[in-house]
Amino acid sequence: MNRNAEASLLVGAALLASLGVAMVNFTLGRGFDAQVALTFLVWILSFGSVSFALRRWAPAASPYLLPLAAILAAIGFTEIYRLDAGLAAIQRWSLLLAGAMAVLVLFLLRGEGVRQLRRYRYLFLTVGVLLLLMPLLPDSFPIHGAEINGSRLWVRFQGLSFQPGELAKLFLALFLASYLADNHVAMSAHTRRVFGLGFPPLRHFGPIIIAGGVSFVVLVYQRDLGASLLLFALFVGMAYIATGRRSYLAAGGLFVAIGGVVAYQAFAHVQRRVGAWIRPFDDYSDTGYQIAQALFAMGSGSISGSGIGLGRPDLIPAAATDFIFAAVAEEMGFAGSVAVIAAYALLVAAGFGIALRTRDVFRKFLAASLTIVLGVQSLLILAGVLRLFPVTGITLPFMSYGGSSLLANMILVALLARISHTGRSV
Amino acid sequence: MNPPIRRLALLMFISFALLVAAATYQQLIAGPDYRDDPRNLRVAAARLGRERGTIITRDGAVVAESIQDPDDPTVFRRSYPYGKLYAHVVGYDSLLFGTTGLEASRSEDLTSERDATISGVLSALFGDDLRPKGLRLTIDNNLQQIAAAALGEQRGAVIAIDPATGAILALVSTPSFDPNTLIGPGAASAGQALDDDAATPLLNRATSQSYPPGSVFKIITLAAALQNGVANPATIFDDPTALDLPGSTAVIRNFSRNRCTAGESVSLEDAFIRSCNTIFAQLGIDVGPDALIGQAEDFGFNQDIPFELQTLASAVPPANTFEFNDAALAQTAIGQRDVQATPLQMLMAVAAIANGGEIMVPYVVEEVFTAEADVVSRTEPRVWLEAVGRPTADTVAALMERVVTSGTGRRAAVPNIRIAGKTGTAEVPGSSPHAWFLGFGPVAPNPGENQIAIVVLVESGGDIGESATGGALAAPIAQQVLAAFFGIPE
């Protein structure tokens, strides 16, 4: 029943993706070629096989997650194809690979579900931190880090490159859910009060200190403001969920405030980002250029957009990756913007709904932390593009071009779906 | 554990709502500013290569058109087949320099609405014609060419109008420029050269440059005297060799440096025909500042002329500045001192005399038509000002006719047509005088007969130099245009 509704929604998303390609072919005069059929086929193969795996191994899973992801991927893919047909071809392969990996994850978890993951806590922590730090590998190593656009987020191996940070978020979410499932009771106790807020013993601040430390390392050595903030939000948010103590939120907020001021004073790249955010047109030709181009694009889009293929999103730097939303906002207009924001809000709602309905503590925490990762990442980059917040340079889940991001987010959705299958059982 | 999850979820939903608010602001509220920002390349890119409407003259000559690129049928190139001739009317549509003239003021009509926005597609579905519209000008290509040829290389302006409707029949300003050079390769350097040119070819001398009117202003002084009953054509004035200006050591002399006529006295009619400064300076004092300045303002001075092309207001000083200063008033009455007039303003004045005292709103676009050549709108003639009553206008016209038959404007005469006119020679310190002629014909037209009013201005002596006068330099130029209008061969 659930799975049939999901399947028809997925066919709709596949039609949306191929319709997008057909419109680009029409407006840009690329001709009606195999791209349309190929795109339809890839959506059916990728999302269809995940849907099939759910039907087989998690038939009671939430039917909302996969179609929302498929629709967002279709909207993003239309703009990627519009910007660069070569990137779109790679993105299709990435989507197939991501679908296959999600199927593999569902297969591995077919019996016990995610419950079995609880015991590998420290393995996940180690793998997560190593993945995060991987881009720091010196250039002389066969697998080595690489710097792109001033941030060291990439790892190269034999001509292949990927962003390990995207996967690291999943491992850290797994660690956190498991750690908090065991320690949330102790962390909830408070022994002293500071400024009217209750605080637990200092040793229970461990996760927060780890979070701050990891975020700081990421910020300093990789110059990745986005990942740094995302990880910190995940750790603080989960500490709050696990304990219900607002003191964690207060401490986290204070840490961000102090850390933000220190980072602003200490790092030129943070100053540039903040300066470009507050006054993008003061340094129009340099630091403010990207956000200014995004504003020109979104403003030109107005209500209904320029029409797919009829705007100039190619003028926006990183239009296919971090700034894909600006390209959508230009060509699909305010209507398209609101649809995309609403889709993310629905995805987050579905994720939190799963967390709320799940009784088992570990799976509840895992659902919540995966949802926080997805939601905060979407919010950060959307707020950056819309000039509500400084640009943080992270990808927009499912929509941005990039294999690592697509892979990590497909697995994230597969994990959420698997949790929702056994939601109410203990 | 669920309440904190609910609170975090709420926090995130508030954040998503803020994103929608931000999108509303950036796309809908600030959006138009971003869209029109000069640094936004979309604006220029969208205009570049789009089809614009055709502009034709009254008699069907194409003066602006969009030509399809043979290699790429979606790209058009703007072309001005007559080059310099219509530059100050049609203007240009240039990627680098923007739009001017009718290309700017009629941009909405001339631009295609065909785009792929939802509203565009819907209109197309409902059968609206989204192709750009064309303009038919009031200008007559033949008159325009003759006016430009008559001016030749001299700096100046010729502007002609149908006084009964306000339709502009010719509008030439020299030197001019070729708008085709501001489009495509080499546009940047061509535009820079035009900007740097000391002869200011981009300046529309007919509408946007003012000059001392000199003796052509006397039609206004005469009208003020008649309208206020201060004098009539038969009124006799003393005819001194020079008029001593009260309260001043300055004197006013005639152009001839002598008396107006042979005798001791002269009628106002004879003084007008001979354009005597002494008599008109005295007449100005007799009329008084309020009546004289009021009359000038009734002719359109000190206000913006309602015209599609950019105009400069012409100026006379306020009446109260002449209190106890008859010397200034006397000089003003003969169009010197602080009086400044554009050729268009003097055209409004002579058109009022031709049209029984009423000034019509001038216009240059006769009609707007669709790509199917169906007329969408036609300009309806409207009255702008009531300058003088009909008796005054007819009297001034009769005196002006004598200027052409037996006065300073004889060289504007056209065989068998009753032409009225007035010459002006405005002294310019440090340069040869500006030569003016204004006139119209036929005087007292039969019903159904079309009139034409014309103003010619030649800057700084034109080709003649120091000896230039309105009668010698400007009147023959007007004569050529008038003869062409009445279909009389050279």
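1. A:Tyr284 is partly exposed, with 16 other C-beta atoms within 10 Å. A residue counts as buried if 20 or more other C-beta atoms lie within 10 Å of its own, as exposed if 12 or fewer do, and as partly exposed in between, with C-beta atoms placed from the backbone. A:Tyr284 lies in the loop between α10 (268-278) and α11 of chain A. Helices (DSSP runs of H or I, at least four residues) and strands (runs of E, at least two) are numbered from the N terminus. Not counting residues up to four places away in sequence, A:Tyr284 touches A:Tyr289, A:Ala292 and B:Arg39. Two residues are in contact if their C-beta atoms, placed from the backbone, lie within 7 Å.

2. This is a predicted model, in which local features need pLDDT of at least 70 and side-chain atom pairs count only at pLDDT 80 or more, while totals for chains, interfaces and linings use all residues. Residues are numbered from 1 along each chain as its sequence is written, and chains are lettered from A and ligands numbered from 1 in the order in which they are written.

3. Helix α11 of chain A covers residues 289-301. Its 13 residues reach 18 Å from the first C-alpha to the last, close to the 18 Å expected at 1.5 Å a residue; the expected span is 1.5 Å times one less than the number of residues. Of the 13 residues of α11(A), 12 are buried, so the helix is largely enclosed by the rest of the structure. Among the buried residues are A:Gln290, A:Phe296 and A:Gly301. Just after α11(A), A:Ser302 takes a positive phi of about 55 degrees.

4. A:Asp360 is found in the loop between α12 and α13 (361-385) of chain A. This residue is buried, with 20 other C-beta atoms within 10 Å. A:Asp360 and A:Thr422 are 62 residues apart in sequence, and their C-alpha atoms are 9.5 Å apart in space.

5. Which residues have the most contacts inside the largest nonpolar core? They are A:Leu234, A:Met238 and A:Ala326, in a core of 157 residues. A nonpolar core is a set of buried Ala, Val, Leu, Ile, Met, Phe, Trp, Tyr and Cys residues joined through C-beta atoms within 7 Å. Helix α12 (residues 324-357) of chain A gives the most to this core, with 18 residues. Leaving aside neighbours within four places in sequence, the contacts of A:Met238 include A:Leu176, A:Phe365 and A:Ile372. A second, separate core has 127 residues, including B:Ala352, B:Met400, B:Ala420 and B:Ala426. In soluble globular proteins, nonpolar side chains tend to be buried together.

6. The contact between the chains takes 39 residues from chain A and 34 residues from chain B. On the side of chain B that touches chain A, α1 (2-29), α2 (31-36) and α3 (41-47) of chain B each supply at least two residues. The most comes from α1(B), with 18 residues. By class, this side of chain B has 22 nonpolar, seven polar and five charged residues. Here Ala, Val, Leu, Ile, Met, Phe, Trp, Tyr, Cys and Pro count as nonpolar, Asp, Glu, Lys and Arg as charged, and the others, Gly among them, as polar.

7. Chain B contains an open sheet of six strands with mixed pairing, in the order β3-β2-β1-β6-β14-β15. Two strands pair if DSSP finds at least two bridges between them. At the edges stand β3 (76-79) and β15 (375-378) of chain B, each with a single partner strand, so one side of each is left without a neighbour in the sheet. Strand β2 (residues 62-68) of chain B runs antiparallel to β3(B) and is joined to it by four bridges. B:Ser66 has B:Arg78 in β3(B) as its bridge partner.

8. Is strand β19 (residues 452-458) of chain B largely enclosed or left open? Seven of its seven residues are buried, so β19(B) is largely enclosed by the rest of the structure. Both faces are covered: B:Ile452, B:Ile454, B:Val456 and B:Val458 are buried on one side, and B:Ala453, B:Val455 and B:Leu457 on the other. Strand β7 (residues 156-161) of chain B pairs with β19(B) in the antiparallel sense over six bridges, and B:Gly156 stands opposite B:Val458. Strand β18 (residues 431-441) of chain B is also antiparallel to β19(B), with seven bridges; B:Phe437 has B:Val456 as its bridge partner.
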